[in-house]
Amino acid sequence: MIRILIADDSIFMRKILSDIFATQADFTVVGVAVNGRDAIEKVLELKPDIMTLDVNMPIMNGLHALKVIMREAPLPVIMVSSLTKSGADETIAALEAGAVDFINKGNTNIINSRDISDSIINKCRAAVKVKGKLSAWHINSKRVSPFYSVTEGRPAYNSSAAGCTRLVAIGTSTGGPKALQDVITKLPADLPCGVVVVQHMPPGFTKSLADRLNQLSEVTVKEAENGDRIEPAHVYIAPGNYHMVVHKDAAGGIISLNQEPPIGNHRPSVNALFNSAVPFGKSLVSVIMTGMGNDGAAGMLQIKKAGGYVIAESELTSVVYGMPKAVVDLGIADEVLPVDEIANAIVSAIKRNQ
């Protein structure tokens, strides 16, 4: 039985979430909390297996409460966020601080949507499985100071540059924001190629993620726009609700966004990105990291057949060892690495192709 604590200042949301979990035979709601301070006290008292934690609450907000909980009594936490600029920013910060995933309560009718209810249940079931890894993740999350910024000293690249003929493509999902921080913040300012990223995430949150990574990284990070020319030392993150594909040309590559139907329930889809990158052939380094399901595996198989280099995150550091496992099980991974070694592996693979 999965013992869950619900922390939300809204009586309405507490009732909705309680009703969702009441329909599941393997969940039991052991308590509710009405603010961040109450949430900390209930975690220490009830010792739940998992909790949902509202981002915006009185007395102490969810982000501050999360930091205390991860220090005093770590457990899997699913954030509950509204789709506002501040809500998205704080959600990204919470994922960096140790939250496993988040629920967006602002983009649809959570009461009547069976898909949203199923998503909440699936996220919580997946999160429970990561409990034993929380201490290691919490230590790793301190590697980059939340107040450190390298934006001021970042070298300026000529926007009219001819681009680059090599490419790095990254796909990730649950646990991805923290994994991306571990990788992208270690990429050097003189990276000789561009990086394209699909992170499963709703609209609004991808912009906050890109802005946050841009503050912390030596490379330039942005939410991708239709028609972007892929430049060296630039990272382009697919916007939520848009597929991102790349088109190879003599000067390098151009990004195109579309809203074609979801692939495997995902838009953006990792497979959509990877399949489009196949023409880069031996000049492509592809990376698959933590996430549920198998999005990206089919595309990586085509990349491997075209001579591209394949890196998968190891089970040791994956929040959810689903997407990387699907690639490893295909036997196509050139390297299977913990997340803190992936940036160096990317740089080494690029140098071998120079």
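**Confidence**

I'm working from a predicted model, so I looked up the pLDDT before anything else. The mean over the protein chain is 88, and 87% of the residues reach 70 or more.

What is the strand order in the open sheet? I read it as β2-β1-β3-β4-β5, five strands with parallel pairing. The edges are β2 (27-33) and β5 (101-104). Each has a single partner strand, so one side of each lacks a neighbour in the sheet. On average, neighbouring strands are turned by 25° against each other, direction ignored.

I then checked one pair in detail. β1 (residues 2-7) runs parallel to β2, and six bridges join them. Within that pair, I noted Ile-4 opposite Val-29 of β2.

**Helices on the sheet**

Which strands does α1 touch? I get β1, β2, β3 (50-54) and β4 (77-81) for this helix, which spans residues 11-22 and packs on the sheet. The direction of α1 makes about 165° with that of β2. I also looked at α3, which lies across β3 and β4 and runs at about 150° to β3.

**α2 against α3**

Next I took the pair α2 (residues 36-46) and α3 (residues 62-72). Their axes are 8 Å apart, and the packing angle is about 20°. The two helices are therefore roughly parallel, and I logged the crossing as right-handed. On the α2 side I find Gly-36, Ile-40 and Val-43; they meet Ala-65, Val-68 and Ile-69 of α3. By class, that contact has five nonpolar residues, one polar and no charged.

**α7 against α8**

Last entry: α7 (residues 176-184) and α8 (residues 205-216). Here the axes come within 10 Å and cross at roughly 30°, which makes α7 roughly parallel to α8. This crossing is right-handed. Which residues make the contact? From α7 I have Pro-177, Leu-180, Gln-181 and Ile-184, and from α8 Leu-209, Leu-213 and Leu-216. I count six nonpolar residues in the contact of α7 with α8, plus one polar and no charged.

Note on methods: Residues are numbered from 1 along each chain as its sequence is written. This is a predicted model: local features need pLDDT of at least 70, side-chain atom pairs count only at pLDDT 80 or more; totals for chains, interfaces and linings use all residues. Side-chain values use heavy atoms; hydrogens and water are left out. Axes are lines fitted to C-alpha atoms, for helices over the stretch in contact, and angles run from 0 to 180 degrees between N-to-C directions. Helices (H or I, at least four residues) and strands (E, at least two) are DSSP runs, numbered from the N terminus. Angles under 35 degrees count as roughly parallel, over 145 as roughly antiparallel, 65 to 115 as roughly perpendicular and the rest as oblique. A crossing is left-handed if the near helix is turned anticlockwise from the far one by less than a right angle, and right-handed if clockwise. Contact means heavy atoms within 4.5 Å. Ala, Val, Leu, Ile, Met, Phe, Trp, Tyr, Cys and Pro count as nonpolar, Asp, Glu, Lys and Arg as charged, and the others, Gly among them, as polar. pLDDT is the predictor's confidence in each residue, from 0 to 100. Two strands pair if DSSP finds at least two bridges between them.
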